[in-house]
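These are my notebook entries on one model. I went through the points one at a time and wrote down what I found.

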Amino acid sequence: MNAEFIIAYRRRLSDRSKEFFETMQNFLFFSLRSFGAMIWMKRYWSDITTQMYAAGTSSIVIVLVSSISIGCLLTMEVGNQLESFGAKTLTGRATALSVIREMAPMVTGLMLAARVGASFASELGAMKISEQIDALRAFGTDPIAKLVMPRLVATLIMFLPLTAVSCAVGLIGGSFVAQGYHNIDPGFYWNSVLAPLEFHDFLVGFVKPPVFAVAITLVSCFNGFSASGGTVGVGQSTVKGIVVSSGLVLLLNFYISKLVLENL
Amino acid sequence: MTRITFDHVSKNYDGVHPLREVSFTIEPSEFFVLVGPSGSGKSTLLRMVAGLESVSSGNIKFDGEIMNDVPPRLRDVGMVFQNYALYPHLTVAQNLAFPLSIRKEPKAQISARVGEIAELLNITDLLDRKPRQLSGGQRQRVAVGRAIIRKPRVFLFDEPLSNLDAQLRVHMRTELRQLQRALGITTIYVTHDQVEAMTMADRMAILNAGTLHQIATPQEVYRTPATVFVARFCGSPSMNILANGTIGVRPEDFVYVHSNGADAFNEQNAHSDDLYAYTVSGTVENIEYIGHEWLSFVRMTDALVCVRSLRAPTQHIGDTATLGVLETGLHRFDSAGFRL
């Protein structure tokens with residue numbers, strides 16, 4: 001009985017490992033083909049602009065709301081902690097570094113993983129289930145060039161300005177809290193925000209959005225393309241897309257910060 | 001007009017064999033139906049023709065040219081999918097134009113061709129609508145139009161009528177058949193519905209579990225099924241299989257035998273009892289009236305036998321009855337299920 005259980009467990013482990021490596025291999029090919037399809041950018045420019053609106057412009061509200069609340073909360077908490085050391089005047093500086101380097105890219109990434117990633121995965125999943133992707137192939141179009149590449153290009157273009165907006169709004173929100181809650185003069189706050197900022201602070205913050213764009217788009221689209229099993233399958237692939245891309249955003253956020261801050 | 005040849009075509013993945021060594025030829029302009037139950041490999045075979053699935057071994061040829069590694073866009077096939085696969089954000093006109101617009105054909109030419117196709121399929125007044133504003137039959141027509149707009153070498157239909165109601169299905173299968181005759185394009189049509197297959201096909205192939213059982217005209221398939229599976233699958237009600245699968249009798253070939261040996265209702269001459277090649281006895285379990293005919297079900301020791309008749313049987317439910325079949329109505333199979 002024990003031996004049987006061990007054999008069954010090992011077989012299951014082996015099957016899972018095989019499945020994992022196959023998925024990774026497929027994802028690698030999918031990613032390479034998506035980047036390779038960028039040579040057709042001109043041909044699919046109208047699809048790219050449609051996706052820029054869907055992924056970028058339509059996401060502004062959620063990015064604004066989340067960024068302003070993060071900026072406000074950060075200023076409030078940091079100010080409280082610094083006050084106990086008599087360093088409340090450094091609130092702007094701490095908020096700025098946190099927002100620009102970490103919070104704005106991460107929050108924007110997470111919001112976009114949820115909003116844009118879910119939209120990509122569910123839309124492509126539904127197209128896969130209803131055979132629209134097969135139809136594209138049958139009519140002579142490469143579905144990756146038509147469906148994935150425009151989304152990838154659109155997010156690569158739009159995530160950067162969205163992150164910039166997120167930074168600005170987070171800091172503006174922080175200035176209101178600094179003035180209203182901590183009684184810090186706005187001039188003093190903005191001076192402490194801007195004065196210590198260096199090039200590599202922006203580099204840490206703004207190298208992340210393109211990386212997040214690639215991760216979110218490719219993971220979500222890959223899951224959409226892998227959907228099977230009817231509407232339940234679309235739901236599962238969407239959830240998987242969001243979970244994996246959100247996890248990647250958190251993971252990549254940490255490693256990019258570490259890499260850039262340690263090396264530059 | 002393209003001749004399609006399947007030369008020992010197989011499909012394998014992960015130890016599963018959806019298709020095994022399938023070989024046959026579809027003649028130019030033929031309406032060829034692939035029929036079989038779910039999992040028989042018919043859709044896989046169709047998708048291999050379209051280039052949507054790879055060929056594991058063997059060759060698929062269009063007019064002698066091997067197509068295995070030719071990408072779908074270069075195969076010049078028009079395909080209609082089970083779910084129609086229309087693009088919901090595009091209008092009917094844009095859906096119809098899609099295969100031409102992605103090839104960057106001139107706008108004037110696209111517009112003219114859309115007009116022609118819309119007229120042919122009688123959907124001119126629907127051109128500005130979105131797919132969600134169409135009925136099942138209208139969507140079906142748009143999907144067909146999108147497939148034929150490019151004047152492909154081959155038409156592929158993957159269960160295109162399965163989402164329609166019974167009445168519309170009968171209507172659409174006539175329309176599809178007329179359209180194919182008018183265009184003369186080689187067509188492969190996949191269905192799990194044997195009635196659809198029998199009524200539409202010039203020839204049909206019956207598949208089960210990835211194995212080809214028979215290729216023949218609908219008449220040949222019905223009158224001389226090659227295997228017990230084909231005998232059971234084609235015909236409604238299906239053939240009665242008796243004597244451990246070695247004897248087959250169509251429901252209309254069975255007659256109730258009176259004690260004097262006369263055929264009870266088939267308007268045939270009375271037969272002497274010893275003329276029947278095979279007789280069985282049982283109890284009448286149920287009698288169904290379906291308008292133009294009667295179906296009675298007789299319980300044998302090892303099977304439930306269906307008898308089809310144009311007149312009401314004189315027997316009643318619960319009666320003991322003897323059924324007989326002439327030699328001409330008897331199908332004999334070996335123990336492996338192949339026709340003798």
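Domain bounds, as I use them here, come from an automatic or database domain assignment. I am working from a predicted model, in which local features need pLDDT of at least 70, side-chain atom pairs count only at pLDDT 80 or more, and totals for chains, interfaces and linings use all residues. Residues are numbered from 1 along each chain as its sequence is written, and chains are lettered from A and ligands numbered from 1 in the order in which they are written.

Entry: domains of chain B. I find domain 1 (4-228) and domain 2 (237-332) in the assignment for chain B. The centres of the two domains, taken over C-alpha atoms, are 39 Å apart. I also checked P237(B): the peptide bond from S236(B) to P237(B) is cis, with omega near 0°. P237(B) sits in the loop between α9 (228-233) and β11 (240-242) of chain B. Helices (H or I, at least four residues) and strands (E, at least two) are DSSP runs, numbered from the N terminus.

Entry: contact of the chains. I count two residues as in contact if their C-beta atoms, placed from the backbone, lie within 7 Å. Chain B gives 15 residues to the contact and chain A gives ten residues. On the chain B side, α2 (72-75), β6 (77-80) and α3 (92-101) each supply at least two residues.

Entry: positive phi. D76(B), in the loop between α2 and β6 of chain B, has a positive phi of about 60° although it is not a glycine. A209(B) is not a glycine either and has a positive phi of about 50°; its place is the loop between β9 (203-208) and β10 (211-216) of chain B.

Entry: a helix pair in chain A. I looked up α4 (residues 91-129) and α7 (residues 186-194) of chain A, which pack at an angle of about 45° with their axes 7 Å apart. Axes are lines fitted to C-alpha atoms, for helices over the stretch in contact, and angles run from 0 to 180 degrees between N-to-C directions. The contact involves G92(A), R93(A), T95(A) and A96(A) of α4(A), and Y189(A), W190(A), S192(A) and V193(A) of α7(A).
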